[in-house]
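Colleague: I'd like to learn how to read contacts, rings and cores in a model. Can you walk me through it?

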Amino acid sequence: MSSVKQKQNVLNVKQKLEILQKLDNGESASTDAEDALNEGNTISHSAALQSVETLLDYMGQRGFDYDDITAVRKICVNILQEMNKQQKQRRITDFLKQEMLKGKILV
């Protein structure tokens, strides 16, 4: 089976630094991150989790309060739930395709 690489749209170092600087200054950077990531492609779940983990490390180093860190951790949980949901859907689809190929399911 061949693997297909998907183009991932992630923030580059300059974009990350700009967003972190805005956060340091107490400004909102959510629209900047959304704009950078929504340039025609979607970010993968694993890239999103990695970015959130990086943000958690940053928040821990900068002494953000517990409520803010908890809110970011909830984002991780939501990403994992969505990831699991999509994996389950793929497994069901793959199973049904196999059954169709075996002739057990007629369309």
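Modeller: Let's start with contact, which means heavy atoms within 4.5 Å. This is a predicted model, where local features need pLDDT of at least 70, side-chain atom pairs count only at pLDDT 80 or more, and totals for chains, interfaces and linings use all residues. Residues are numbered from 1 along each chain as its sequence is written, and side-chain values use heavy atoms, with hydrogens and water left out.

Colleague: Which residues does Y58 touch, not counting residues up to four places away in sequence?

Modeller: Y58 touches L20, D24 and F64.

Colleague: How do I describe a pair of aromatic rings?

Modeller: You give the distance of the centres and the angle of the planes. Rings of Phe, Tyr and Trp (its six-membered ring) pair if their centres lie within 6.5 Å; planes under 30 degrees apart are stacked, over 60 edge-to-face, and the rest tilted. That rule gives one aromatic pair here. The ring centres of Y58 and F64 are 6.1 Å apart and the planes sit at 55°, so this pair is tilted.

Colleague: Is Y58 buried or exposed?

Modeller: Buried means under 20% relative accessible area, exposed over 50%, and partly exposed in between (1.4 Å probe, protein chains only). Y58 has 9% relative accessibility, so Y58 is buried. F64, at 28%, is partly exposed.

Colleague: And how many residues does the largest nonpolar core have?

Modeller: Such a core is a set of buried Ala, Val, Leu, Ile, Met, Phe, Trp, Tyr and Cys residues joined through side-chain atoms within 4.5 Å. The largest one has 10 residues, including Y58 and I69.
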